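Q: Please pick one part of this model and take me through it closely. Then set it beside the rest of the chain.

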Amino acid sequence: MNLHEYQAKKILKKYGIPIPEFGVASTVEEAKRAAEDLHLSQAVIKIQVHAGGRGKAGGVKFAKKKEEISHIAAALIGMKMVNEQTGPEGVTAKKVLISKPIDIAKEFYIGAVIDRDRAVPILIASPEGGMEIEEIAHKMPEKILKMPFSFDGKLRSYQLVRLAKFMGWKGELAKKGAQIAQGLAKCFVETDASLLEINPLVQTPDGEIVALDAKLSIDDNALFRQSEILSYYDPTQVSPQEAAAKEFDLAYIAMHGDIGCMVNGAGLAMATMDIIQLYGGAPANFLDVGGGASKEKVAEGFRIILSDPKVKAVLVNIFGGIMNCATLAEGVIHAAKELQIKIPVIVRMEGTNVEEGKRLFRESHLKITTADDLKNAAELAVAASKVKR
């Protein structure tokens, strides 16, 4: 789950990381009040969306006078940002962050991710902040430091010495940098984060270090023990289909193709999308209904797929282990009748109660075709998606 910048900063502040004072506004009146509360005569105003590249997209503005703050906020609240990260549909900013401008003497990068090869968290740091870390890695790989740390969220003394030397921090700056690095590592572990970035981490002319921007993503599988963070979920930053899927605990990701996919199991879902592309089609989504889905859950997943206007055909690929094929059939038939389905549905099933499931489909008299194997199902789905209607 992704968090907004202002939410990430609230959390980082709890871990002793210096954050410029800020306010958050979803209306012009709230923007005015935030500026007054912070006693701002100038301000930096940033849209709050779950995507990077806000500055390049025009979503970060500088108000040189107090009167400009509300005007800029009015222009940015409701702004739709479209770039490579958002996809062509874009994301809309419902809120803006308003903060005091900070004088910058030097920019750094510091963050943490999980190294999946070694199964440990790693701290990533660079004295070249302000750029995407991928760009730094491409242009200046020697400017990136990677240090594994333990799951107790503590950096060892020798690691902090190495970090300070690499970043060029000395004296008081090294102490302040070490405190920030320690806070970041602890925050990463305790919030069950999959990504935590401060970019840029800036040094001011008077020798302070401040987190000017922050990005925090939490492992969805750990949200059951992160109740406060779960309350930060913003459904406006995902497609309506993804928001609906989350309500029913379905794993759904919208894509740009026209063949809807309903599968049980993430690995099988990936294989299904691959074979659709192999035979010349394009998947419209990733949807994993899970191993023990109920009739109601299957029906809701089917409704979500069909709510995407791009979908021209649906491929259902189920292996009935824990999942009962008859339960799947009942759910699909229920949703198809309720929604008066008009597009082809191709079903490939194997496993528990498969013959009963096929019988239910046959007797439903709906536009549903059962396939013998995955190859046959993919060919039928691709062919159906290419028929003009």
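A: Start with Phe108. Its relative accessibility is 2%, and the cut-off for buried is under 20%, so Phe108 counts as buried. Bear in mind throughout that this is a predicted model.

What does Phe108 pair with? The structure holds 2 aromatic pairs. In one of them, the ring centres of Phe108 and Trp169 are 5.5 Å apart. The planes of these two rings meet at 80°. Edge-to-face needs an angle over 60 degrees, so the Phe108 and Trp169 pair is edge-to-face.

Now look at where the two partners sit. Phe108 belongs to strand S7, residues 106-115. Trp169 lies in the loop between H5 and H6.

Phe149 sits in the loop between strand S9 (145-148) and H5, while Phe188 is in helix H6. Phe188 is buried, at 2%.

H5 covers residues 157-167, and H6 covers residues 171-190. They pack at an angle of about 120°, with their axes 10 Å apart. That angle makes H5 oblique to H6. The crossing of H5 past H6 is right-handed.

Which residues meet there? H5 supplies Leu160, Leu163 and Ala164. H6 supplies Ala174, Ala178, Ala181 and Gln182. By class, this contact has 6 nonpolar residues, 1 polar residue and no charged ones.

H11 (residues 325-338) packs with H12 (residues 354-364) at about 20°, and their axes are 7 Å apart. That makes H11 roughly parallel to H12. H11 also passes H12 in a right-handed crossing. On the H11 side, the contact includes Cys325, Ala326, Ala329 and Glu330. On the H12 side, it includes Val354, Glu356, Leu360 and Phe361. The classes here are 8 nonpolar, 2 polar and 3 charged residues.

Take Gly280, in the loop between helix H9 (266-278) and strand S15 (285-288). Gly280 is partly exposed, with a relative accessible area of 43%. Neighbours within four places in sequence aside, Gly280 is in contact with Val382 and Lys386. Gly280 and Lys386 are 106 residues apart in sequence, yet their C-alpha atoms are 9.9 Å apart in space.

Finally, step back to the whole chain. It has 13 helices and 18 strands. Of its 389 residues, 50% are buried. Its C-alpha atoms fill a box of roughly 75 × 50 × 40 Å along the principal axes. Among contacts with a separation of 6 or more, 69% join residues 24 or more positions apart.

How values were computed
Residues are numbered from 1 along each chain as its sequence is written. This is a predicted model: local features need pLDDT of at least 70, side-chain atom pairs count only at pLDDT 80 or more; totals for chains, interfaces and linings use all residues. Side-chain values use heavy atoms; hydrogens and water are left out. Axes are lines fitted to C-alpha atoms, for helices over the stretch in contact, and angles run from 0 to 180 degrees between N-to-C directions. Helices (H or I, at least four residues) and strands (E, at least two) are DSSP runs, numbered from the N terminus. Angles under 35 degrees count as roughly parallel, over 145 as roughly antiparallel, 65 to 115 as roughly perpendicular and the rest as oblique. A crossing is left-handed if the near helix is turned anticlockwise from the far one by less than a right angle, and right-handed if clockwise. Contact means heavy atoms within 4.5 Å. Ala, Val, Leu, Ile, Met, Phe, Trp, Tyr, Cys and Pro count as nonpolar, Asp, Glu, Lys and Arg as charged, and the others, Gly among them, as polar. Rings of Phe, Tyr and Trp (its six-membered ring) pair if their centres lie within 6.5 Å; planes under 30 degrees apart count as stacked, over 60 as edge-to-face and the rest as tilted. Buried means under 20% relative accessible area, exposed over 50%, partly exposed in between (1.4 Å probe, protein chains only).
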